[in-house]
Structure formats: C-alpha cells, structure tokens
Amino acid sequence: MTAAPDIFAPRGKPLPQPARVTQVIDSVTFSVALYAVIIGVILYVSYTGAQAMGYNWQWYRIPQYFYTVTEDGFQWGEIAFGLVKTLQLSATAFALATLLGLLVALMRLSGLLIVGAVSVGFLELIRNIPLLVLLYLFYYVLGPVFGFDRYTASVLCLAVFHSVLISEIFRAGIEAVAKGQWEAATSIGMTRGQAYRYIILPQSIRFMLPPMTGEVVHMVKSSAIVSVIAVAELTTIGRNIISDTYMSFEIWFTIAAVYMVVTLILSVGVSMVEKRYAVSQ
Amino acid sequence: MTAAAPIIAFENVDKFYGDFHALKDISIQVREGERMVICGPSGSGKSTLIRCINGLEFHNSGTLTVDGIEVYDGARDILRLRQEVGMVFQQFNLFPHLTVLENLMIGPMKVRKLSKAEAEETARKYLGRVHIPEQADKYPSALSGGQQQRVAIARSLCMNSKILLFDEPTSALDPEMINEVLDVMVELADTGMTMVVVTHEMGFARKVADTMVFMDAGEIVEVAPPETFFTNPSSERCKAFLEQILDH
C-alpha cells in the first residue's frame, strides 16, 4: 500500500453539470427568498385587510393575560391557568386512553371469539361517532346518569375517543414484531403474558413511538373541543377574554401560538426519545 | 447405543394445514441421548415434525409423547414441556432489544425463576461453551450470523433442556460461518444431549447422527443408521435426493 496523497484528484473526466436554471431553482438561497416573499405577502395582505376594517390592534394588552407584576408581586394570568388546565386535561385523558387502548388491542389480538367481537364492536361504535356528539353524550346523558361533573365528562370523553386510535397503534406495533419472536419466547417456556411483557411490547415501542407522538399532539389539540361545555381550559379562556375585550384577532393569534408552542415542544421531546430507542436497537 | 427408553414418541400422528396434509401417519421414536438428523426436500414436513415436538404447532390426530408429557393444544403441562425442550431456529430469533447476556438470562430468570446472579453465572458458562464470552454485552445486531446462531444455541442450553431441536440452523448463514456453528453442535453431541436436527449438512450428519431420517411429502420414507443411509438407502426417493445434494 502506498500512502494516500493529501489531496485526492479524480482521474476520470468530470460529469456533465445540470442546466444553469435548475441549479438556481435547487439552491438554498432561492428557496429562502421564495419563502420570505410568500410569508411577506400573507402578512401584508392580513395587515392591510385589518387596517381596511379599521381594526384597532392592541397587542400591548396581551402580556397581562400570561402574568402580571403588581405591588402584590408576581401573579399568573388567565391564559397561564388555562394552559395548565389544558395540559392537565390532556395528560389525564391520554393516560386513561393508553390503558384503555392497550386493553382493547390485547382483547382484539387475543384470538378469543367473544372478547375479540366486544373489542371490534367498541372500536366501530366510537370510531363512527363525531367527537362533538360523543362529548354531548358524555356530558348531557352519561353525566346526569352517573353523576359526572363537566371536567370528568371531558376527560372520559377524550380518553374513550382517543383509546380507539391508540388501540390501533398498539395493534399495528404488536403485529410489526416478527413472528419468530413469539416462537422464540414460546419455545423457552414463556406464557403469553410473559412473552408480551418481556419480549413483544418492549420491541413494539419503537414502532409505536412515531404515531404516538402524533396522538399526543392530536390529544392536546382536540381537548379544545371541551370549551363547548365551558371547561375552563385554554380555548374557553380565550373566548371569555374576547367577550370582555373584543380583541378577537390578538387573542386567537395568541391562543393558536400557545397551542403550537406546546405541541412543538412535545414533538421535539418525543423525537429525542425516539432517537435514543433507535440507537439501542 | 444402549436401548434407552424413548423420550420422544410419535404414534400415528397426522397434521393438516386446512386441506394440506402436512404429516402423514408419522410413527417414530427418539431415545434419550439419541442424535437424529432429519433431511428431505423442502415442503416435506420436516420443520412441521420438529415444531410439533415442543408444541409450536399441534398435530390433529395420533399421540405424541415427549418426556412423559402428552402434547396437544391446551395441555396443562405444555409450558413445563417447553422448558425441557430447547429450540434453535433458522432465523436465530434472538431478542433484538436485549444484550447477548440478557438474551440468555431472561428465560432462566422469568421462566425458571432463578436469581439474577445464578442466571448470569449460567449464561456466562454457556457463552464460554459456544466460544464467544467476549460478546456478552453487545446487542445481537452487532454480531455476525454465525455468532448470533451460537448465542441462540447458548440460550437453549441455559434453560437446562433435556432435548434440543434444531430447525435448519445453518441454512440462513453465509458459507464461511456454517462450520463455527456445526462445530458447536458437534461438541454438544459429544456431551450426550438428545438432539433432533433438521439439516442438509450431510458431513455433520455423518459425524454425529445415530439415526438418519428421510422425509418426503409428509411421510417418513427411510429411517436408518448413517452407514446404511448414505451407502445403501432402501428407497428410490431417498437415493435420488442424496444424489442431488451430495453430487457437488
């Protein structure tokens, strides 16, 4: 072996270059410029539209809804409380939905006729009712019957609605694990339960994480619907502030931004977890 | 071989997949300590036969008794039976989310209820037996095919099984890795383990088999000691098969 030369010089003739126009269109600079122009046009049109309506922008009044600092000291504002309520609602509903979803998925995969049929029946029932109608059912029908308050009704409704979606994620994740894993687990004498717990479920996590991230984000977003039964979460707070102040543009922009920040943080967080799992496989 | 009691006994066993008759009236016995090699063309039922032994598949009629336990779907002792019968698969089927050591320890710990220390001691012992003690902390995906298959063999050994089943253990391996796996299997055979091996490695079969079995179309066509089997098989089908796989 001879020592490699410091600068590698290919001996073959260079490849033909793409046309000049293609090079320009493919360049990063061009993409960024195009993006900036489009965003600029949208902002300009919105702004002039609002001006033409004679809309009175009052962005300076927004921060007080996040927090205030007075002589009494620091205080959280209404939006902050609404956000906490939204997160609490989503987290509780998601935890319940995950448990219920796992149960439904395992029932469906059990191979037992009646148990499987019950699970499919539940899936079809919930999947074919709109979320809003389901919420009304939980609040106006099941609520009085079982004595739920509006918060409990919201949590249960969201949990049931999302358990259906989550159970499909579990089922797909479990079925994605190679059949040979079942056979290997079985052949060392594991019961079905042990095989699920030690062999199948740990491996299906990496198939389930990406769609689960989507589900968490979906949950936070669909929790906004409980504002129709006046649970004091983010969207309800937004509506209340607007009915007091008429600042609908600023408030809705702000509420949308808060949802976006939360869901983006969740997505980034989970994708970091995903990377860790990908490495350890 | 001495006339030890049969540890595996098939009596008129039939198996169907829908309309397909996979095993036809199988009657055969394996004695304790016997090394049986099963060969035959693909689709002849050899894998099905071996998978019935530990109840990965269930036969439809006839009697199959393994280590004194009758095998059928729903048999109460089927879990206990599987602890006594280890299996090595063509595709290794190691647990990819566990390290090599954890692959070997999970069965003894969760099924045999051994303590972690005991399980680890056993695991390291058998990892040494298959000549890869240094790979203990790696994940299976970091190992070569031959190494993975040796880990799979060690995993079965860790369960302290009385019987080991091999379902084409070298068919998925690159040619240069076949021997390292066969060497381990020969060493195992020397310890007196009862082994039932489905394979086309006739060199290995000659070296270790007490009994050769040839299957075709779901039937057992020929059962003979290796000397007779390779030099003077009684059936034409077996002769034709051997000519095809031994000729080159």
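Trainee: How do β4 and β5 of chain B pair, and over how many bridges?

Mentor: In this predicted model, strand β4 of chain B, residues 61-66, pairs with β5(B) in the antiparallel sense, over two bridges.

Trainee: Okay, and which residue in β5(B) is the bridge partner of B:T65?

Mentor: That's B:E70.

Trainee: What's the strand order in the sheet they belong to?

Mentor: The order is β2-β1-β4-β5 in chain B. It's an open sheet of four strands, with antiparallel pairing.

Trainee: Which ones are the edge strands?

Mentor: β2, covering 20-31, and β5, covering 69-70, both in chain B. Each of them pairs on one side only.

Trainee: Which helix packs on that sheet, and which strands is it touching?

Mentor: Helix α1 of chain B, residues 46-53, packs there. That helix touches β1 (6-17), β2 and β4 of chain B. Its direction makes about 125 degrees with that of β1(B).

Trainee: Switching to chain A now. How many helices and strands are there?

Mentor: Chain A has 10 helices and two strands. Reading from the N terminus, you get α-α-β-β-α-α-α-α-α-α-α-α.

Trainee: What's the radius of gyration of chain A, next to a compact globule?

Mentor: Chain A comes out at 27 Å, whereas a compact globule of 281 residues would be near 19 Å. The C-alpha trace spans about 80 × 65 × 40 Å along the principal axes of chain A.

Trainee: And what share of chain A is buried?

Mentor: Buried residues are 36% of the 281 in that chain.

Trainee: What about contacts in chain A between residues at least 6 apart in sequence: what percentage join residues at least 24 apart?

Mentor: 71% of them do. Take A:Y151, which sits in helix α6 of chain A, residues 150-176. A:Y151 and A:K85 are 66 residues apart in sequence, yet their C-alpha atoms are 9.9 Å apart in space.

Trainee: What else is A:Y151 in contact with?

Mentor: Setting aside neighbours within four places in sequence, A:Y151 contacts A:K85, A:Q88, A:L89, A:T92 and A:V231.

Trainee: Last topic: how many residues of chain B and chain A are in contact with each other?

Mentor: 23 residues of chain B are in contact with 19 of chain A. The area buried between the two chains is about 1800 Å², and carbon and sulfur atoms give 64% of it.

Trainee: Which chain B residues lose the most area there?

Mentor: B:F95, B:H97 and B:K110 do, and together they make up 28% of what the chain B side buries.

How values were computed:
Residues are numbered from 1 along each chain as its sequence is written. Chains are lettered from A and ligands numbered from 1 in the order in which they are written. This is a predicted model: local features need pLDDT of at least 70, side-chain atom pairs count only at pLDDT 80 or more; totals for chains, interfaces and linings use all residues. Side-chain values use heavy atoms; hydrogens and water are left out. Two strands pair if DSSP finds at least two bridges between them. Contact means heavy atoms within 4.5 Å. Axes are lines fitted to C-alpha atoms, for helices over the stretch in contact, and angles run from 0 to 180 degrees between N-to-C directions. The radius of gyration is taken over C-alpha atoms; the globule rule is 2.2 Å times the number of residues to the power 0.38. Buried means under 20% relative accessible area, exposed over 50%, partly exposed in between (1.4 Å probe, protein chains only). Buried area is the accessible area (1.4 Å probe) that two parts lose on being put together, summed over both.
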